[in-house]
There are 2 protein chains.
Amino acid sequence: MAKLYVVGIGPGDPNQMTGEALAALDEADVFCGYSTYLDLVRDLFPGKATYETPMRGEAGRCQWALDAAIAGRTVALLSSGDAGVYGMASLVLELAGESIEPEIEIVPGVTAALSGAAVLGAPLGHDFCCISLSDLLTPWETIERRLTAAAQGDFVTVLYNPASRTRTDHLSRACDVLLQYQEPDVVCGWVRNIGRPHQDSRILTLIELRDEELDMLCTVFVGSSETQLIAERMVTPRGYEQRS
Amino acid sequence: MAKLYVVGIGPGDPNQMTGEALAALDEADVFCGYSTYLDLVRDLFPGKATYETPMRGEAGRCQWALDAAIAGRTVALLSSGDAGVYGMASLVLELAGESIEPEIEIVPGVTAALSGAAVLGAPLGHDFCCISLSDLLTPWETIERRLTAAAQGDFVTVLYNPASRTRTDHLSRACDVLLQYQEPDVVCGWVRNIGRPHQDSRILTLIELRDEELDMLCTVFVGSSETQLIAERMVTPRGYEQRS
């Protein structure tokens, strides 16, 4: 049976992949993905056939994977982090539509919100939301609306894609929206290159975050009103009253 | 050096644990956790010492783990899913406070939002939030405020702890809040016992979800206005315009 695995390979360190993801990669005849992600797993599976595409071209890559699976190959389409969170899973399912071939299996993984949180401490101890600051596929007005809702709901907010080469002001604009509702000294943090060489992170306030120069390799965490700085870690308590 | 690992063991299937989590469990002298979670990993590490506590008593469990690590043991404190998402990580860091011992390492894992999403399709393809419906530690007014914000921001919303033995009406009350802003036919889904025996799931509308009888073993997904039903799967596109 033709089969397509859409595999979340975690943040980058092969040690942060699940056994299920490793098994899917092992079973696959061919890996398909953005070159940077293929590089992360190449050493684990030397000699595996690969179909590489550059950063853009997601739809073409997903269609190639579907076609190769329909043609009888077992294909692993790679996403960094989780396959479903801003990953390839939804695009694959959209392109496959109602067709019954190939069989598609989504293999989840550790998304940057989780791996980054573990580096900073425990910022996601209570309700949180994830918002992408990329306006490639989403109007900026929608992004602003979501930032406003996140701040009004006093969520911890995780920002994916805080900057790109062409848009360097998204993070400061996002902080300006949040600052309308949140205190300037709210505990925030960012992590760069999670689980990869040159991993870096910093804990800072929301007003400091506004002027931080970050790139697309970073994931950003904005605390809620409950988030605290404890022993240089970012911690959001599990509830408003701790009961034992 | 005294060491405490706070380990996210994923949804339940050992195959959905990361290599890093397995290594931490292997290194530990003693496992500490809620009995149900210990049962999930016991077979992998027969003969490992365990300190079990029932469901409540989280603070006592975390303090035991800290004390045991300070006394020189290497301790693995287990959380299901991710260690930081409604898990033990934030409570451990709060209890440890500013003390420099023991060394605490948070090991992330696949939380139910990710593993459940993979079962249903790709509901988390765009911005989403996670809200716990448990009012044990959070006033219901705060929960309602977050539900309102999630609906107003047109997020996909993942509901943890949709019901408990004593509170069976939380889900219907939550749906009533969401229905003030969202259409009754929004695509929703739930998954029970993710990655464990008797895994079950259903895709349904928001108005149907309102009257669904679920329990604490379920994770619930409420779509955004963009979420679609494709080939009986719940799919939220990555953006409003698909570019290739």
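In which loop of chain B does Asp154(B) lie? Asp154(B) is found in the loop between H6 and strand S8 (156-160) of chain B, where helices (H or I, at least four residues) and strands (E, at least two) are DSSP runs numbered from the N terminus. Its phi is near 55 degrees, a positive value in a residue other than glycine. At 9% relative accessibility, Asp154(B) counts as buried, a term that means under 20% relative accessible area, with exposed over 50% and partly exposed in between (1.4 Å probe, protein chains only).

The model is predicted: local features need pLDDT of at least 70, side-chain atom pairs count only at pLDDT 80 or more, and totals for chains, interfaces and linings use all residues. Residues are numbered from 1 along each chain as its sequence is written, chains are lettered from A and ligands numbered from 1 in the order in which they are written, and side-chain values use heavy atoms, with hydrogens and water left out.

We turn next to the two chains together. The same surface serves both, as 100% of the contact residues of chain A recur in chain B; contact means heavy atoms within 4.5 Å. In all, 70 residues of chain A are in contact with 70 residues of chain B. The area buried between the chains is about 6300 Å², of which carbon and sulfur atoms give 56%; buried area is the accessible area (1.4 Å probe) that two parts lose on being put together, summed over both. On the chain A side, Leu137(A), Arg146(A) and Arg238(A) lose the most area to chain B, together 13% of what that side buries.

Arg146(A) is also one of the buried residues of H6(A). What covers the buried residues of this helix includes strand S7 (128-132), strand S8 (156-160) and helix H7 (170-179) of chain A, together with helix H6 (140-152) of chain B. Just after H6(A), Asp154(A) takes a positive phi of about 55 degrees.

Strand S4 (residues 74-79) of chain A is mostly covered, with six of its six residues buried. In a regular strand the side chains alternate between the two faces of the sheet. Here Thr74(A), Ala76(A) and Leu78(A) are buried on one side, and Val75(A), Leu77(A) and Ser79(A) on the other. Strand S1 (residues 3-8) of chain A runs parallel to S4(A), joined by six bridges, and strands pair if DSSP finds at least two bridges between them. Lys3(A) has Thr74(A) as its bridge partner in S4(A). Strand S2 (residues 30-34) of chain A also pairs with S4(A) in the parallel sense, over three bridges, and there Phe31(A) is partnered by Ala76(A).

A further sheet of chain A is open, with three strands in the order S6-S13-S12 and mixed pairing. S12(A) and strand S13 (residues 233-235) pair in the antiparallel sense over three bridges, with Ile230(A) opposite Arg233(A). In the loop between S12 and S13 of chain A sits Glu232(A), whose phi is near 65 degrees. Glu232(A) is exposed, with a relative accessible area of 72%.
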